[in-house]
Amino acid sequence: MLASERRQRPSFCRVRMTTRERVGLLVLLVMQAGMLTWIDWRTAPTWDEWGHLPSGLYHVQYSEFQPYCVNPPLVRMVAALPLVASDDGIRWIGFPFRPGDRPEWMLRSVFLQTKGERCFELFSLARMALIPGSWLGTYLLWSIGRRFYGATSGWIAAVLWSFSPMALAFGGTIAPAVWAAVFGFLAAYRFYIWLTMRTWRATTWLALATAVALLCKSTWIMLPPVFLALWSLDWLKHRHRAVGKDALQCVVGMMIAWLVIHAAYDFHGVLRPLGDFEFHSRALTGYEGKDFPTGNRFADSWLGQIPMPLPADYVQGIDIQKSDFEAGRPSYLFGTWQDHGWWYYYLVGIPLKEPIALWGLAALLILGAVLGLQRWIRWREFVLYAPGVIVLVFVSSQNGFSHHLRYVMPFFPCLYLIASRCVAVNSRWIRIAGCLFTLWYALSSAAILPHSHAFFSEAVGGAAEGWRFLSDSNLDWGQDLLAIREWAQKNPDKRPIWLLYSPEMLDFQRLGIDAQNGEHHIVQGLPNVAGWWAVCATPMTEPGREWFQKQLATIRLSPTLKLIEVKPSDLDQLRSIKRQGDSR
């Protein structure tokens, strides 16, 4: 081992913090927890959360892992723990699930019918259990930025993560995006440490971090091959290293990770042969038609005898997710719908969803490079960034549909750490400017709380104009139901309320919301009944909803929810518009 690397060992074992740093980090973590708590309790469950939490309860209570198998179970199991501890679980459904079923939506109905109006309280309680994952991200970015680029960079990276609209929006839900980003970044950092130290302790920590990352998001099945490729490149740079010890540590590390992953699944479906699965995706059935019959292209080959290292439900979930991408779905970008996605969707979406101050930091980084003040990224720094960047490239290549920027959340810690490098220069003015841009970033994000999901860059007009650019979870994902309920309770004289909330899957009355689904009262894109129309932003972007887009809000309850009063006298004018449309 190189002498320079031996000298680095103590710095990996512990982070020496001054009293001022401890206080500063504690203040930042308290602020982050406060913002997440505000979001947890002041926004309603998102569409996917209605499947995540009941499925997590089912995992913990009954060791059944097929519900929501398209995502690994760790995050929703952690979220379910407070409810299990308070005896607010879910009842057993007494029939088996078939491969390819999506039983999470059945569990959603059971949970809703059982809990009623308490659903909102229970979801908020479950969300609180996930705050430590966001805290870990803050600490990681602070410590890594400090170690690589200096104290100021560490603070900038930590503040960017703590106030990130994306990290706040999804850190305040039961969706696995933030935990996947944090533990994937932790695994990359532990791999960086292992490359430097190559000790058994480093091997153990790397195996544990990788296993947890895989249990957060199946996208991280790419981590082992990525680490192998990076190790190979590192070996080529240091050919004097012996391979034997590395290989032994690799085998032991894989065994540790394998045990942790299967333990999370209660050792169900261990080493099932590849040929025994019933697949749905074209890639795994071998079927090239437009429909999706079940099958297994490996069943009659020697490959079908190979035991799968991952749990059976994990493999089945990857197959279902793959079939979703193959089928394609209508996707929305810059006001345009098409039946598939765009390869550049995420490259365009990230700037739209970040405060413009972040690009000020990027400008400072470029300025420092032009002036010769920035050094090149070293090889082993690249090792730290590589997994997040590869996720961005891989997800961008899957253009069956483009819906959710959260799919590339693992790239965001890399983005913030790179941005923090801008102050790692010998220029007082650049450092001051970097701190001012960071303050601007934090204030821009804080200004929209608790509606961080609706944040859009000031450069495109902010949250009020976001519907013109993106849709789905990037805009409005059902978080405004609480605002509708509170307004309806305070205004009992304003009835009826017609709600445009997509998808059509909830019993609003059961949730204590005195509103009715308005989808069935829209003809040719126009309302055909009078009342108060509560229009959420995502359904407003759908084709044929131009009238709702153009109408000014009678009352605006949030950046992504407007109320439009349609009076009985307005119906005659709307009928006239319909007749004109028919005559054309």
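This report walks through the overall build of the protein chain and then its salt bridges.

The model is predicted, so to speak of local features a pLDDT of at least 70 is needed, side-chain atom pairs count only at pLDDT 80 or more, and totals for chains, interfaces and linings use all residues. Residues are numbered from 1 along each chain as its sequence is written, and side-chain values use heavy atoms, with hydrogens and water left out.

**Overall build**

The protein chain holds 24 helices and nine strands; these are DSSP runs numbered from the N terminus, helices being H or I with at least four residues and strands E with at least two. Its C-alpha trace spans about 85 × 65 × 50 Å along the principal axes. The radius of gyration is 25 Å, which agrees with the value near 25 Å for a compact globule of 584 residues. That radius is taken over C-alpha atoms, and the globule rule is 2.2 Å times the number of residues to the power 0.38.

Of the 584 residues, 56% are buried. Here buried means under 20% relative accessible area, exposed over 50%, and partly exposed in between, with a 1.4 Å probe and protein chains only. Among contacts with a separation of 6 or more, 74% join residues 24 or more positions apart; a contact means heavy atoms within 4.5 Å.

**Salt bridges**

Side chains of opposite charge can pair when their charged atoms come close. How many salt bridges does a search of the whole structure find? The search finds 20, each being a side-chain nitrogen of Lys or Arg within 4 Å of a carboxyl oxygen of Asp or Glu. Three of these pairs are set out below.

| Pair | N to O distance |
|---|---|
| R118 and D88 | 2.9 Å |
| R102 and E104 | 2.4 Å |
| E381 and R378 | 3.7 Å |

The R118 and D88 salt bridge links distant parts of the chain, 30 residues apart: R118 lies in the loop between α5 (104-115) and α6 (119-128), and D88 in the loop between α4 (74-85) and α5. R118 counts as partly exposed because its relative accessibility is 35%, while D88, at 11%, counts as buried.

For the second pair, R102 is partly exposed with a relative accessible area of 28%, whereas E104 is buried at 1% relative accessibility. R102 and E104 also belong to a network of salt bridges that includes D324 and R329.
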